[in-house]
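Hello,

Here is the structure I said I would pass on. Please open it alongside this email, and my notes on what turned up follow below.

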Amino acid sequence: MAPSAASGGSSLPSGFAVFTTFPDLLFIFEFDAAYHCIASLFYFGASVLEALAAIQLQVGFTYKYYHENIAAVVFSFVVTLLYVVHAVFSLIRWKSS
């Protein structure tokens, strides 16, 4: 049988009490799916920089290394797309709750 909530267990903080401890403060980043949106921007920035590096390395490098960079660019944009989709679904879930 599960213990009841009134049996002396610790309760979750609410209101401004969330700002009193460091772990609770870190939990703030999960609210409003802000973490996922910011991470999506960082992933997109890294993908653009990788694409720029692949374009600049086109001249002067061997054929093998150029294709490895192209594969890295494609993979980074796929990961970015999936992370953006995850952020959108997080925002939808947040709005529905």
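**What I found**

According to its unreviewed UniProt entry, the annotation "transmembrane region" covers residues 12–29, 41–63 and 69–92. UniProt positions are given here in the numbering of this model, with feature names shortened, and such annotations may be inferred rather than shown by experiment.

Before the details, please keep in mind that this is a predicted model, in which local features need pLDDT of at least 70 and side-chain atom pairs count only at pLDDT 80 or more, while totals for chains, interfaces and linings use all residues. Residues are numbered from 1 along each chain as its sequence is written, and side-chain values use heavy atoms, with hydrogens and water left out.

The overall picture first. The protein has 3 helices and 0 strands, giving the pattern α-α-α along the sequence (helices, H or I of at least four residues, and strands, E of at least two, are DSSP runs numbered from the N terminus). Of its 97 residues, 15% are buried (buried is under 20% relative accessible area, exposed over 50%, and partly exposed in between, with a 1.4 Å probe and protein chains only). The protein exposes about 7,900 Å², and carbon and sulfur atoms supply 74% of that; accessible areas come from the Shrake-Rupley method with a 1.4 Å probe, and for residues only the protein chains shown count as cover. Among contacts (heavy atoms within 4.5 Å) with a separation of 6 or more, 58% join residues 24 or more positions apart.

Now helix α2, residues 34–56.

Helix α3 takes in residues 63–96. With 34 residues at 1.5 Å each, α3 should span 50 Å, which agrees with the 50 Å between its end C-alpha atoms. The annotated stretch 69–92 is 100% helix, with its end C-alpha atoms 35 Å apart. Buried in α3 are N69, V73, S76, T80, Y83, A87 and S90, and these pack against α2.

- A39 counts as buried because its relative accessibility is 11%. Its C-alpha lies 8.8 Å from that of A87, although 48 residues separate A39 and A87 in sequence.
- C37 is partly exposed, at 31%. Beyond its neighbours within four places in sequence, C37 is in contact with A87 and L91, and its C-alpha is 7.3 Å from that of V84, 47 residues away along the chain.
- E50 is partly exposed too, at 24%. Setting aside neighbours within four places, E50 is in contact with N69, A72 and V73; the C-alpha atoms of E50 and A72 are 7.6 Å apart.

Finally, which residues form a nonpolar patch on the surface? They are L81, V84, V85, V88, F89 and I92, with about 530 Å² of accessible area together. Patches are made of residues with over 30% relative accessible area and no salt bridge, joining like charges within 9 Å and nonpolar side chains (Val, Leu, Ile, Met, Phe, Trp, Tyr) within 5 Å; a salt bridge is a side-chain nitrogen of Lys or Arg within 4 Å of a carboxyl oxygen of Asp or Glu. V88, in α3, counts as partly exposed because its relative accessibility is 42%.

Best wishes

Key
The expected span of a helix is 1.5 Å times one less than its number of residues.
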